[in-house]
Amino acid sequence: MYKISLITGDGIGPELSKSVTEILHAIHDKIGLKLEITTVEAGDSALKKTGKALPDSTLETIKKSDACLKAPVGESAADVIVVLRRMLDLYANIRPAKSYPNMPALKENIDLVIVRENTEDLYTGMEFDIGRSAIALRTISEEASRRIAKYAFMTADQRNGQKKVTCVHKSNVMRKTDGLFARSCAEVAKGFAKISFEQMYVDACAMNLIRQPESFDVIVTTNLFGDILSDEAAQVVGGLGMAPAANIGERFALFEPVHGAAFDIAGKEAANPSSFILSAKMMFEWLAMKNNDAGSLEVAKKIEDAVYGVVGEGTKTKDIGGNKTTGEFTQQVISKLI
Ligand code: ATP
C-alpha cells in the first residue's frame with residue numbers, strides 16, 4: 001500500500017484535488033492498487049487559518065508518506081513549494097511536453113522533457129535592498145550542476161527518444177554562473193557516449209521551442225530558465241491545462257501541475273484536471289521505479305491511455321477547445337481507466 005499526501009491548494013487547487021482523489025479512489029477500488037490518501041493544507045488558505053503557509057503538521061504528514069501530490073497554491077507559493085523543494089532536497093524538476101491527440105497545439109509530434117535544476121539560481125530568493133536599488137544573488141554550484149546534468153543524461157538514456165541532451169544557458173553574458181553550469185554539463189556528457197550533447201543559449205531555445213519543438217529530446221537548464229521555458233513548451237503542445245511536473249530527490253518526490261492557482265477560473269468547474277491527473281501518472285511511474293512495482297507502472301500507463309483516449313474522442317475542457325466541466329471530464333477519464 002502506498003501512502004499519498006495530497007496538498008489541496010488554492011484557486012483551482014481544490015477542484016483539481018477532487019478530480020485526482022476520485023481517480024485515486026477508482027484505482028484503489030477497481031484496479032486494486034492499494035492507496036491511502038491523506039489530505040493536507042498548505043498555501044494561502046493555510047496561511048489565513050494557521051498563520052503559516054506550510055504548517056508543521058502538513059510537513060510531518062508529507063514526510064511520513066511515500067509520495068506527495070500538490071495542487072497549485074496562490075500568492076504564498078514561494079513559502080510552500082520553494083521551501084518543500086529545499087527541505088526535501090527535490091533537486092530535479094521534470095516537466096514533459098508531449099503532443100496529445102486533438103489539441104489546439106502549435107505543432108505536432110513533440111515529445112520533449114525539460115529537466116530543471118530545482119535548488120539554486122535566483123529561486124533561492126536571496127534579495128537585498130541597497131539604497132534605491134535591489135540586488136538578487138544567483139548561486140550556481142558545480143555539485144548541483146553535475147547532479148542535474150547526470151539526471152538529464154540518465155533520462156535521455158532511459159527514454160525512447162532521440163537520445164539527445166540540450167544544455168540551455170546564457171554563458172555569453174553570465175560567464176561565471178552559466179559558464180560553470182555549461183562546463184559541468186559538458187563534463188558529465190563525456191560519461192554518456194551514446195547520448196548526443198548540444199548547447200544552446202536560452203533566447204535561441206525560446207525561439208526554437210516554437211520554430212522546431214520536435215527537434216528537442218531532453219533539455220537541461222537552470223532553475224529560472226526552466227520555469228519559463230516549461231510554460232512555453234506547455235503552450236506549444238496544447239496549454240498549461242495539460243502540463244504535469246515532478247520534483248524528484250534521492251528518497252522522496254512531489255508531483256504538481258506546471259501552472260499556478262489560476263484564480264480567474266477558480267470555482268467555475270472550468271479547470272482542466274489533466275495537468276494534475278498526469279502528475280499523478282508521473283507519481284505512479286516514480287513509485288514503480290523506486291519499488292520495482294510493475295502494478296504501479298501499469299496504473300501509470302492506464303492513466304495516460306485514459307487521458308489520451310478521452311481528449312482523442314473530443315471530450316475536452318474549455319481551455320483545450322471543449323465544453324466539459326472539470327467533473328464531467330474526470331468521470332470520462334475514470335470510465336476509460338477501469
Ligand atoms: P504562477 O505564476 O503561479 O505559475 P500564473 O500567473 O502563471 O501563475 P497560472 O495560474 O499558472 O498563472 O495560469 C495562467 C492561466 O492559464 C490562467 O489564468 C488560466 O486561464 C490558465 N490555466 C492554468 N491552468 C489551467 C487549467 N488547469 N485549466 C484551465 N486553464 C488553466
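Me: Which element gives the largest share of the lining of the largest pocket?

Reply: That's H9, with 8 residues. Bear in mind that this is a predicted model, where local features need pLDDT of at least 70, side-chain atom pairs count only at pLDDT 80 or more, and totals for chains, interfaces and linings use all residues. Residues are numbered from 1 along each chain as its sequence is written, and side-chain values use heavy atoms, with hydrogens and water left out.

Me: What makes H9 (274-291) a helix?

Reply: Helices are DSSP runs of H or I with at least four residues, strands are runs of E with at least two, and both are numbered from the N terminus. H9 spans 274-291.

Me: Why is one space a pocket and another a cavity?

Reply: Both are sets of points on a 1 Å grid over the protein atoms alone: in a cavity a 1.4 Å probe fits but cannot get out, while a pocket is an open set with protein on both sides within 12 Å along at least five of seven lines. A residue counts as lining if it has an atom within 4 Å of a point. The largest pocket holds about 1,300 Å³ of space, with Tyr 151, Thr 155, Gln 158, Glu 285 and Met 289 the closest to its centre among 42 lining residues. The largest cavity holds about 70 Å³. Grid points are joined across faces, edges and corners, and the volume is the space filled by probe spheres set on them.

Me: Which residues line that largest cavity?

Reply: Val 82, Arg 85, Arg 86, Asn 118, Thr 119, Tyr 123, Thr 124 and Asn 223 do. H4 gives the most, with 3 residues.

Me: How do you know whether Tyr 91 is buried or exposed?

Reply: Buried means under 20% relative accessible area, exposed over 50%, and partly exposed in between (1.4 Å probe, protein chains only). Tyr 91 has 7%, so it's buried, and Tyr 151 is buried at 18%.

Me: What makes Phe 153 and Phe 192 a stacked pair?

Reply: They sit 5.1 Å centre to centre with 20 degrees between the planes, which falls under the stacked cut-off. Phe 153 is in H5, and Phe 192 is in the loop between H6 (177-189) and S9 (196-201). Both are buried, and together with Phe 197 they form one aromatic cluster.

Me: Why does Arg 116 count as lying over the face of Tyr 123?

Reply: The rule asks for NZ of Lys or CZ of Arg within 6 Å of the ring centre and within 35 degrees of the ring normal. Arg 116 lies over that face at 4.9 Å, and Lys 170 lies over the face of Tyr 201 at 5.6 Å.

Me: What makes Asp 89 stand out?

Reply: Most residues other than glycine have a negative phi. Asp 89 has a positive one of about 50 degrees, and its place is the loop between H4 and S4. With 32% relative accessible area, Asp 89 is partly exposed.

Key:
Phe/Tyr/Trp six-rings, centres within 6.5 Å; stacked < 30°, edge-to-face > 60°.
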